[in-house]
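Open the model in your viewer and keep the sequence panel beside it. The tour goes from one selection to the next.

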Amino acid sequence: MQRKRILSVLAVMLVCIFALSACKKQAGKPVDNAITEDTEEEKEEEEEDVLVFGFSAIDMENPYFITLEKAIKEVLDESEYQLITKDPASDVELQEQQIQEMIDEGIDAIFLCPVDWEAITPSLEALKEAGVKIINVDTQVKEMDYVDAYIGSDNQKAGRICGEDLIEKCPDGGKIAILEATAQNSVNDRITGFEEAIAKAENGFEVVARENTDGSFEKGLEGAKKIISENPDLTAIMCGNDQTAVAAKTALNLAGMDKVLIYGVDGSPDIKKELKKTGSQIAGTAAQSPINIGKTAAKVAICMMNGKDYEKETYEDVFMIDENNVDMYGVDGWQ
């Protein structure tokens, strides 16, 4: 009898223990689930806060655009934003394809320097339709209404100061050749500024030849060789950028013509090294700063994406670098 009573008590105690355990386990579930849900929500919010930017410039073999992209990335990294870079390699169709790829990858905004300032329009339309902000850098697109902000150099001034320097060096005038890039509005502006400047010279300058180079060394070399073979009495060659200025110098060296002056635009390390050489044919380069342009573009983009005030258009100043002041800027990097 006593034994049965003891067993009954033990049985009741075991039932209570199991009941309490079950209650405790059940009571813990909502709390545990709440913590898990909150953590997942926080993660989602954190992921949403990470902005993703695209970068598409004319040609990533060009040191100028490499430096521009590096400056942009440096600023974006400070805020832990992502940057997706693609290289269109001076190919209009490839740039259009890559921009669509970046849209599909979910970019929030893009830093864009068009291969062709007119042919880029369908990509601008696609970006707008996808709600992607457009930060146009270096060379303007033709349809600027699509652009949310533009950051570049004063390109007409760049050409103008080259023309003014030529007038000073060659007061008697002379025959001029031009290596241009008609699909790039930045280069068009430089050539316009140059031609407006030499038109004011007391003794006339005559533009006897011009070649479209797309701003590349290879086409610049080909165009310069053609011009030189047809015009052995040139006074100077105006080049739309420093890459084509190096191409012009190479062509003149091959032809044994050491009296022709060459002007470029960029202020690249390669041209500055040439300016350091005694008797260099490079008369000067209208320097711009891809570092300043890149950092400014990134800061504008961050303000834009965070709902803060920003400048719609920013024009960085340009200045002449020649043999007299090249030491101020150094030859190992960009200014």
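**Stop one: a sheet and its helices**

Select strand β10 (residues 282–287): three bridges join it to β12, and the two run antiparallel. Strands here are DSSP E runs of at least two residues, helices are H or I runs of at least four, and both are numbered from the N terminus. Two strands count as paired if DSSP finds at least two bridges between them. Now pick Ala-287, which stands opposite Phe-319 in β12.

A word on the source: this is a predicted model, in which local features need pLDDT of at least 70 and side-chain atom pairs count only at pLDDT 80 or more, while totals for chains, interfaces and linings use all residues. Residues are numbered from 1 along each chain as its sequence is written, and side-chain values use heavy atoms, with hydrogens and water left out.

**Stop two: the cores**

Which residues have the most contacts inside the largest nonpolar core? Select Phe-53, Phe-55, Phe-65, Ile-72, Leu-76, Phe-111 and Ile-135; the core has 30 residues. A nonpolar core is a set of buried Ala, Val, Leu, Ile, Met, Phe, Trp, Tyr and Cys residues joined through side-chain atoms within 4.5 Å. Buried means under 20% relative accessible area, exposed over 50%, partly exposed in between (1.4 Å probe, protein chains only). The largest share of this core, seven residues, comes from α10.

**Stop three: Gly-152**

Go to Gly-152 in strand β5 (residues 149–153). Gly-152 is buried, with a relative accessible area of 0%. Beyond its neighbours within four places in sequence, Gly-152 is in contact (heavy atoms within 4.5 Å) with Asp-138, Ile-293, Thr-314, Tyr-315 and Glu-316.
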